[in-house]
Amino acid sequence: MALPPVLQNLRIPVVGSPLFIISNPDLVIAQCKAGVVGSFPSLNARPAPALEDWLKRITEELAAHTAAHPDRPAAPFAVNQIVHKSNDRLQHDVEMCVKYKVPVVITSLGAQPWLNDAIHSYGGIVLHDIINIPHAKKALEKGADGLIAVCAGAGGHAGALSPFALIEEIREFFDGPLLLSGAIGTGRAILAAQAIGADLAYVGSAFIATKEANAAQGYKDMIVASSGEDIVYSNLFTGVHGNYLKPSIIAAGLDPDNLPESDPSKMNFGSGGNTEAKAWKDIWGCGQGIGAVKEIPTAAGLVERFEREYNAAKARLGGAPARVAAE
């Protein structure tokens, strides 16, 4: 099945994942101008009325870029909605997405038919992130257009399954848009995601260490200095298992090798669960693919590196380097 038109003709097959606190209009606009899908969680725009300001700015700047550069138009952008009972802004934020006709909406921690219907009302598409097969089937039953397989090694909230296992099982019953998340930090890894059955790579951690990202300088420097061995998988901080930078856990006064389990029924995405340290603010989420991050470039510079590596890997396998359309 071909990708929907909105996801075709990207510079490379990449969607920048929505990064809590970190993704802002500057990063999203830079990603889209560079030719990949940029995204942000709607909850990053605070207070709630700020979301309309963000959507207006992003929509207008991307339209202006496309008008000025018809030969290399901006990629579409996406907004992430947390579909969880703790999110009291969901209705408002979905209404804003409808008003500004956001091309792609990414849903997490719950699937709701009414939300999918709202986005479909103007021609938008909904991608739902999942970590296992039951979640994948439920999302599709409720009207999602595509799936994001969040596999072992992904930054922040992540599953524990290998991409080789999860992608293969999804493809047994779904031939629609499928994205892969998990330790993707090079153009070679982007091509590998396609080779095992995904359409697009879902990349987050590498974009944290870019100049436009709203992350503390210490966070960016820690990513550059770290590798996959510096990632800890725990549910202590939010009630949901995720991957975090070990040095940030140590800096918060905790022992990364002896973290207790948290009560999953007490999810809290703004606090540190059973700790004084706050997830995302003090405990920094990150994926296992950061060994490839050696510097802090612009978002455009990172996309350029990905493109060089992607095309070089494709050429080695006998494929012609080219702008990515529907694979």
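Biologist: Why is His-65 called buried?

Modeller: His-65 has a relative accessible area of 9%, and since buried means under 20% relative accessible area, exposed over 50% and partly exposed in between (1.4 Å probe, protein chains only), His-65 counts as buried. This residue sits in helix 2, residues 50–68, where helices (H or I, at least four residues) and strands (E, at least two) are DSSP runs numbered from the N terminus.

Biologist: What is His-65 in contact with, leaving aside its neighbours within four places in sequence?

Modeller: His-65 is then in contact with Lys-33, Arg-72, Pro-73 and Ala-74, contact meaning heavy atoms within 4.5 Å.

Biologist: What kind of model do these values come from?

Modeller: This is a predicted model, in which local features need pLDDT of at least 70 and side-chain atom pairs count only at pLDDT 80 or more, while totals for chains, interfaces and linings use all residues. Residues are numbered from 1 along each chain as its sequence is written, and side-chain values use heavy atoms, with hydrogens and water left out.

Biologist: How confident is the predictor, and where is the pLDDT below 50?

Modeller: The pLDDT, which is the predictor's confidence in each residue from 0 to 100, averages 93 over the protein, and 92% of the residues score at least 70. Over residues 269–275, however, the pLDDT is below 50, although this stretch has 26 contacts in the model beyond near neighbours in sequence.

Biologist: What makes the protein as compact as a globular protein of its length?

Modeller: The protein has eleven helices and eleven strands. Its radius of gyration, taken over C-alpha atoms, is set against the globule rule of 2.2 Å times the number of residues to the power 0.38; the value is 18 Å, close to the 20 Å that the rule gives for 327 residues, so the protein is as compact as a globular protein of that length. Buried residues make up 54% of the 327 residues.

Biologist: Why is Ala-192 called partly exposed?

Modeller: Ala-192, found in helix 7 (residues 187–195), has 40% relative accessibility, and therefore counts as partly exposed.

Biologist: What is noted about the phi of Ile-21, and why does Ile-21 count as partly exposed?

Modeller: Ile-21 has a positive phi of about 75° although it is not a glycine, and this residue is found in the loop between strand 1 (14–16) and helix 1 (25–34). Its relative accessibility is 35%, so Ile-21 counts as partly exposed.
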